[in-house]
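Subject: Structure handover

Hello,

Here is the structure I said I would pass on. Please open it alongside this message; my notes on what was found follow below.

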Amino acid sequence: MIHVRPATKDDIPALVQLGRKTFEESFSDDNNPANMAAYLEQSFNNEKLANELTESGSRYFIAEEGTEPVGYARVRLSDEVKDHLTESALELQRIYVDGAHQGKKIGVNLMKACLDYARQHKFRWLWLGVWEKNFKAQKFYRQWGFEKFGEHIFQMGDDPQTDWLMKKRIDT
């Protein structure tokens with residue numbers, strides 16, 4: 001059975017490991033190994049995740065099958081799209097599922113947790129950035145009612161990559 005709950009500081013080691021594994025599974029085939037290694041080191045370490053976990057307006061969710069962490073998501077406050085979405089907006093910064101556990105509706109459960117959090121905190125929009133070449137994720141987001149509204153650059157080492165900005169109106 002899959003259970004999704006808010007992550008705590010005790011989950012930091014699991015989030016670091018799961019973050020590295022799922023990001024590498026998702027993007028290593030399409031990126032320079034040196035850029036990938038640098039990104040993983042910079043983005044998924046105990047100090048970085050501890051700071052993100054306690055950042056104001058940030059919430060991590062962790063999905064477990066039994067006691068095994070199998071996916072996670074992070075929402076956070078960000079003013080990056082304030083010119084596009086003038087009402088209150090929450091960013092879905094990360095949502096990943098371990099490749100060995102995909103197909104078990106873990107992503108669905110994580111998305112539900114993020115949407116519930118957004119509703120509880122009275123946000124009008126949930127938005128995200130998704131790599132223009134990540135067709136599987138784009139399909140998942142479209143199934144949830146997200147639509148493209150812009151683009152930004154995601155810097156992967158020395159490789160500037162285009163992310164689509166997608167938004168979903170939150171029903172209250």
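A residue counts as buried under 20% relative accessible area, as exposed over 50%, and as partly exposed in between. Glu 151, with a relative accessible area of 47%, is therefore partly exposed. Please keep in mind throughout that this is a predicted model.

Around Glu 151

Glu 151 belongs to strand β6, which covers residues 147-156. What does Glu 151 touch, leaving aside its neighbours within four places in sequence? The residues in contact with Glu 151 are then Thr 162, Asp 163, Trp 164 and Leu 165. Another residue to look at is Glu 132: 19 residues separate Glu 132 from Glu 151 in sequence, and the distance in space is 9.0 Å, C-alpha to C-alpha.

The side chain of Glu 151 also forms a salt bridge with that of Lys 148, at 3.0 Å from N to O. Lys 148 has 41% relative accessibility, so Lys 148 counts as partly exposed.

Salt bridges

Side chains of opposite charge can pair when their charged atoms come close. With a nitrogen of Lys or Arg required within 4 Å of a carboxyl oxygen of Asp or Glu, the count comes to 13 salt bridges.

One of them is between the side chains of Lys 21 and Asp 98, at 3.0 Å from N to O. This pair links distant parts of the chain, since Lys 21 is in helix α1 and Asp 98 is in the loop between β4 (89-97) and α4 (106-120), 77 residues apart. Are the two partners buried or exposed? Lys 21 has a relative accessible area of 35%, so Lys 21 is partly exposed. Asp 98 has a relative accessible area of 7% and is therefore buried.

Another salt bridge joins the side chains of Glu 52 and Arg 94, at 2.9 Å from N to O. Glu 52 is buried, because its relative accessibility is 5%. Arg 94 is buried as well, with a relative accessible area of 6%.

Helix packing

Two packed helices are described by the angle between their axes and the distance between the axes.

Take helix α1 (residues 12-27) and helix α2 (residues 33-43): they pack at an angle of about 155°, and their axes are 10 Å apart. An angle over 145 degrees counts as roughly antiparallel, and α1 and α2 are therefore roughly antiparallel to each other. The crossing of α1 past α2 is right-handed. On the α1 side the contact is made by Arg 20, Phe 23, Glu 24 and Phe 27, and on the α2 side by Met 36, Tyr 39, Leu 40 and Glu 41. Sorted by kind, the residues of this contact are five nonpolar, no polar and three charged.

Now take α1 and α3. Their axes come within 9 Å and cross at roughly 110°. Angles from 65 to 115 degrees count as roughly perpendicular, so that is the description of α1 and α3. This crossing is right-handed. From α1, the residues Ile 12, Pro 13, Leu 15 and Val 16 meet Asn 46, Leu 49, Ala 50 and Leu 53 of α3. The contact of α1 with α3 has seven nonpolar residues, one polar and no charged.

Backbone angles

Most residues other than glycine have a negative phi. Which residues have a positive phi here? Lys 105 is one of them, with phi near 70°. Lys 105 sits in the loop between β4 and α4 and counts as exposed, because its relative accessibility is 58%. Lys 122 also has a positive phi, near 65°. Lys 122 is in the loop between α4 and β5 (125-131) and is exposed, with a relative accessible area of 61%.

Asp 171 lies in the segment after β7 (159-169). Its relative accessible area is 54%, so Asp 171 is exposed. Asp 171 and Gly 71 are 100 residues apart in sequence, and 25 Å separates them in space, C-alpha to C-alpha.

Regards

Note on methods: Residues numbered from 1 in each chain as written. Predicted model: local features only at pLDDT ≥ 70, side-chain atom pairs only at ≥ 80, totals over all residues. Heavy atoms only, no water. Axes fitted to C-alpha atoms, helices over the stretch in contact; angles between N-to-C directions. Helix = DSSP H or I, 4+ residues; strand = E, 2+ residues; numbered from the N terminus. Parallel < 35°, antiparallel > 145°, perpendicular 65-115°, else oblique. Left-handed = near helix turned anticlockwise from the far one by under 90°. Contact = heavy atoms within 4.5 Å. Nonpolar A, V, L, I, M, F, W, Y, C, P; charged D, E, K, R; others polar. Buried < 20%, exposed > 50% of the residue type's maximum accessible area, 1.4 Å probe, protein only.
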